[in-house]
Amino acid sequence: MRNERIGDYLVRQGLINQEQLMKVLEVQKESNGSKKFGDVVVELGFMSEVNFTKALAGKMRVQYVDIDTVEISSEAVNKVPEALARKHTVIAIAITGKRLTVATNDPVNFIVLEEIKVSTGMDCVPVLATTTGINKAIGKNYSMQNVDSVVDSLVAMNGGDNGNMEDEESKDRVESAPIVKLATTIIENAYRADATDIHIEPFKTYTRIRIRVNGDLVELMNVSSAVHSALTTRLKLISGMNIAEKRVPQDGRFTQVVDGTTLDVRVSSLPMVNGEKIVIRILSTGQIALRKITDLGMSDYNYQLFESMLRVPHGVILVTGPTGSGKTTTLYAALGELAKPNVNVITVEDPVEKAIDGINQCQVNTKAGMTFAAALRSILRQDPDIVMIGEMRDTETADIGIRAAITGHLVLSTLHTNDAASTVVRLIDMGVAAYMVATSLIGVIAQRLIKVLCPACKTPRISTEEENELMGIEQSIQIYDPCGCPECNNTGYRGRTAIHEIIHCTAKVSQIIAAGGGKEDIEEAARNNGTKLLRDNAAELVVAGQTSIDELVRTTFSV
């Protein structure tokens with residue numbers, strides 16, 4: 001069986017069937033041998049990359065390693081030159097005496113192993129890992145080493161000055177390799193750490209670079225303040241800002257490819273005492289599949305409520321929450337559900353965050369006079385069935401949106417409020433007549449993002465009386481606290497999920513709104529109607545062992 005082909009091995013193991021094998025071979029034949037068998041299996045969705053790599057390791061009797069969790073020795077990494085590692089998708093991960101353990105995606109490529117042996121003078125022990133994992137590890141381990149040398153060469157180039165150079169000169173200098181490499185490296189490292197934002201903050205003697213991971217800011221590195229001016233100029237240049245203007249805030253955007261994924265990068269600059277602060281937001285692009293409603297992390301009860309709201313043919317559905325709470329993701333998931341070939345869906349956004357196939361998306365441009373309100377007026381003459389407004393920022397936009405709902409359209413939008421009940425009060429406060437809100441509102445979804453405990457290291461304990469009161473339960477139960485391990489970067493948490501509070505605008509709630517009722521009245525009527533508040537939702541996750549009491553307090557505590 002030693003010469004058995006990998007396809008036949010997978011069929012024999014029951015991992016794919018004969019029909020799937022034929023399909024893979026057909027696609028591979030069409031590519032004229034440019035695609036490997038494993039790449040095609042993964043591409044067609046018959047197996048995940050991890051499962052295929054494990055199966056391959058089993059067939060070849062080579063050890064499989066999960067390179068994301070294994071500890072990589074920096075001494076081992078330094079043995080193999082970066083160019084060689086990238087060329088052959090290999091990375092050295094450990095040294096044992098005179099033997100070098102090398103992670104590869106192709107353990108039968110003896111030429112590569114021989115090349116590494118000649119280069120390092122050590123015997124190579126191959127282990128198998130996924131191509132994606134190796135590429136990520138190469139980027140992570142080599143790029144951090146590059147940063148120090150880049151910064152040193154920049155300081156040397158600047159001659160230690162603070163970069164107060166003429167703009168033409170600065171433009172030339174900024175195009176030089178080290179600063180380009182530094183800017184690219186910062187974004188690559190942030191993306192690999194699953195960060196959403198990067199903060200580049202100037203201080204008197206140094207520049208601090210922090211990234212937001214799972215909602216918390218984590219320090220990535222500190223660099224010399226001599227580098228700051230060149231770095232900001234580089235970022236402003238590629239994002240289309242005016243590099244000569246340093247006194248007013250500016251916005252821009254650019255795209256960058258990291259590990260084969262094209263990122264949409266938004267850049268914002270703000271003048272500070274010691275220079276310009278740059279905040280970069282990393283957005284996943286259309287390459288990453290649109291989330292389905294079922295993937296939003298809603299409880300079954302909330303999911304049914306949300307689905308029933310989307311069935312209503314006309315009215316307003318509002319998604320609310322603070323900045324970065326996943327409102328746009330929820331809206332896009334709803335649009336993905338609603339966008340059928342027989343309906344006309346138009347969106348007005350600032351900016352368009354993700355291009356969706358089959359939906360007409362319109363970009364706001366305030367300088368050209370294309371405001372939310374102006375775009376909305378024109379859209380209503382474009383025979384829409386469903387309208388999505390990126391954000392109800394002012395009275396005019398809110399008013400037109402509500403009127404569009406009354407005239408038979410389904411309107412989806414977002415608003416910045418703390419909970420579902422206060423959204424209604426906010427709309428009326430913006431100047432929309434209470435009776436119009438009452439007749440047009442279908443429902444409001446308030447949401448927050450809450451951190452999920454790392455399953456590998458969470459530690460159990462029994463809840464206290466005070467905690468039982470917070471969760472709204474009678475007796476003590478087993479709950480979990482974060483601990484911290486290499487898998488979660490010693491934070492105790494891995495990833496985030498959403499918690500929701502959904503108010504259905506029933507006849508009773510509509511009456512309260514029309515009569516000018518306050519937040520408390522609306523909330524009470526909604527609770528009697530079966531609405532589960534954000535805290536109830538968070539408490540369910542604590543009871544289920546998915547999050548901690550600290551997170552419940554952080555996201556939903558109120559006096």
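## Charges over rings

Lysine 451 sits over the face of tyrosine 493, at 4.9 Å from the ring centre. Lysine 532 lies over the face of tyrosine 301, at 5.0 Å from the ring centre. A charge counts as over a ring if NZ of Lys or CZ of Arg is within 6 Å of the ring centre and within 35 degrees of the ring normal.

This is a predicted model, in which local features need pLDDT of at least 70 and side-chain atom pairs count only at pLDDT 80 or more, while totals for chains, interfaces and linings use all residues. Residues are numbered from 1 along each chain as its sequence is written, and side-chain values use heavy atoms, with hydrogens and water left out.

## Strand β10

In strand β10 (residues 315–320), 6 of the 6 residues are buried, so the strand is largely enclosed by the rest of the structure. Buried means under 20% relative accessible area, exposed means over 50%, and partly exposed is in between (1.4 Å probe, protein chains only). Strands (E, at least two residues) and helices (H or I, at least four) are DSSP runs, numbered from the N terminus. In a regular strand the side chains alternate between the two faces of the sheet. Both faces of β10 are covered: Gly315, Ile317 and Val319 are buried on one side, and Val316, Leu318 and Thr320 are buried on the other.

β10 pairs in the parallel sense with strand β14 (residues 410–415) over 6 bridges. Two strands pair if DSSP finds at least two bridges between them. Isoleucine 317 has leucine 412 in β14 as its bridge partner. β10 also pairs in the parallel sense with strand β15 (residues 441–453), over 5 bridges. There, valine 319 stands opposite isoleucine 445.

## An aromatic pair and a pocket

The model has 2 aromatic pairs, counted where ring centres of Phe, Tyr or Trp (its six-membered ring) lie within 6.5 Å; planes under 30 degrees apart are stacked, over 60 edge-to-face, and the rest tilted. Phenylalanine 37 and phenylalanine 52 form a tilted pair, 6.5 Å centre to centre with 40 degrees between the planes. This pair links distant parts of the chain, with phenylalanine 37 in helix α3 and phenylalanine 52 in helix α4, 15 residues apart.

Of its 19 lining residues, the closest to the centre are Lys36, Gly38, Asp39, Phe52 and Asn105. On a 1 Å grid over the protein atoms alone, a pocket is an open set of points where a 1.4 Å probe fits, with protein on both sides within 12 Å along at least five of seven lines; lining residues have an atom within 4 Å of a point. Helices α3 (37–43) and α4 each supply at least two residues of this lining.

## Positive phi values

Arginine 61 is not a glycine, yet its phi is positive, about 55 degrees. This arginine 61 lies in the loop between α4 (49–60) and α5 (74–79), and it is exposed, with a relative accessible area of 68%. Asparagine 214, also a residue other than glycine, has a positive phi near 55 degrees. Asparagine 214 is in the loop between β5 (206–213) and β6 (216–224) and is buried, with a relative accessible area of 18%.

Glycine 431, which follows α16, has a positive phi near 110 degrees. Helix α16 (residues 420–429) has as its buried residues Ala420, Ala421, Ser422, Thr423, Val424 and Leu427.
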